[in-house]
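Hello,

Here is the structure I promised to pass on. Please have a look at it, then read my notes below.

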Amino acid sequence: MQREYLENKNKINFKFEQNKEDFIVDEIALPFKRKGNFLVLRVQKVELTTWDMIAAFAQFLNIPAEKIGYAGLKDKHATTTQYISIESKYERTLKKFKHPQIKILSQTRHTHAIRMGDLEGNRFRINLFGVDKIEAGQIEKRALKSVKNGLPNYFGYQRFGRDEDSIEQAKAMIAGDLFVEDAKLKKFLISIYQSVFFNEWLKERVLLSREKNGGKFLLLEGDVYLSSEGKLFTPKNIPQKDFEAHKVVPTGLLCGRNVFRARGEARKIEEKYDDAFLYDKGLRREALVFPKDVVFDYKNNFDILTISFTLPKGAYATVFLENIANKNFSAKVIKNKR
């Protein structure tokens, strides 16, 4: 599953490693009410999955894991902070909570439990190794260009498993050649199936943009846009100025039922990556995201460039790094810096 990017420039062969020192992720929460019957904890975890962290709290409090709310899943091989919610009646008990890989950093109150997607985005700080002075300048230039022109919002390699074996399972299940009883696994495989189609659609749109629009994303008649107010719409005329002002962004299809579909010229490409017979609910996903607050710190004597940036929820930091490097990464090729 090759991911293509808007500018086909030379490859930059930096390395990075997903570990607790070199890959830092901080969740950016939506505002909390600071009052209510739910306790919101800002938690730091080190080299644990979100599920492992929730399981640790559930075991300590002797409650089902489903009673603990969270907004998103965070990488295991990293140091990450995120927010979870627990009924406020456990506040006193939580003062005794101790875990070698989990730390409660702060707490507040909210009127309801945190739900999946209740976040604005994530702030990343990642060390890139083997970067000389010239490459540091190239990385900075490419990163800042993405701030202006947008980053193709692919699903990253993490979505599809270490060997991408989940893709074949998903296709087999949808085709009726594989029976899956577990509801969570079934839902996961359907999301994989939708993600594969989305990535392939986005790849074709990116290649078209490279060919016909000089590396800037080419808008087509009939595209479905997401407004800054969160509304989906298909305008009569291409909203080029609003797109360049980051007021609207084109979207791609996550196939399924009850979902807006593109029209006209845009639909000719989209329908190649659609499955109208998929019963599960369809969605639309932004074709591009715009990184924010990009900061660089180059350690000249060590050839290390630390890059910090903010992405909206659902976007992948590794996709941003792929865009800069102009090459695909996978779980197999993330090399140890040593």
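Helices here are DSSP runs of H or I with at least four residues, numbered from the N terminus. Keep in mind that this is a predicted model.

Cavities first. How many cavities of 30 Å³ or more does a search of the whole structure find? The search finds two.

The largest cavity holds about 140 Å³ of space. Two helices, α3 (133-149) and α8 (317-325), each supply at least two residues of its lining. The largest share is from α3, with four residues. Among the lining residues are L6, R142, K145, G215 and N323. By class, this lining has two nonpolar, six polar and four charged residues.

The second largest cavity holds about 40 Å³. Its lining includes L220, D223, Y225, K236 and P239. Five of the lining residues are nonpolar, three polar and three charged.

Next, the second largest pocket. Its space comes to about 550 Å³. It is lined by 22 residues, and H246, E286, F290, K292 and P312 are the closest to its centre. Strand β14 gives the most to this lining, with three residues. The lining has 11 nonpolar, six polar and five charged residues.

Last, P152. This residue lies in strand β7 (residues 151-152). Is P152 buried or exposed? P152 counts as buried because its relative accessible area is 0%, and the cut-off is under 20%.

Best wishes

How values were computed:
Residues are numbered from 1 along each chain as its sequence is written. This is a predicted model: local features need pLDDT of at least 70, side-chain atom pairs count only at pLDDT 80 or more; totals for chains, interfaces and linings use all residues. Side-chain values use heavy atoms; hydrogens and water are left out. Buried means under 20% relative accessible area, exposed over 50%, partly exposed in between (1.4 Å probe, protein chains only). On a 1 Å grid over the protein atoms alone, a cavity is a set of points where a 1.4 Å probe fits but cannot get out, and a pocket is an open set with protein on both sides within 12 Å along at least five of seven lines; lining residues have an atom within 4 Å of a point. Grid points are joined across faces, edges and corners, and a volume is the space filled by probe spheres set on the points. Ala, Val, Leu, Ile, Met, Phe, Trp, Tyr, Cys and Pro count as nonpolar, Asp, Glu, Lys and Arg as charged, and the others, Gly among them, as polar.
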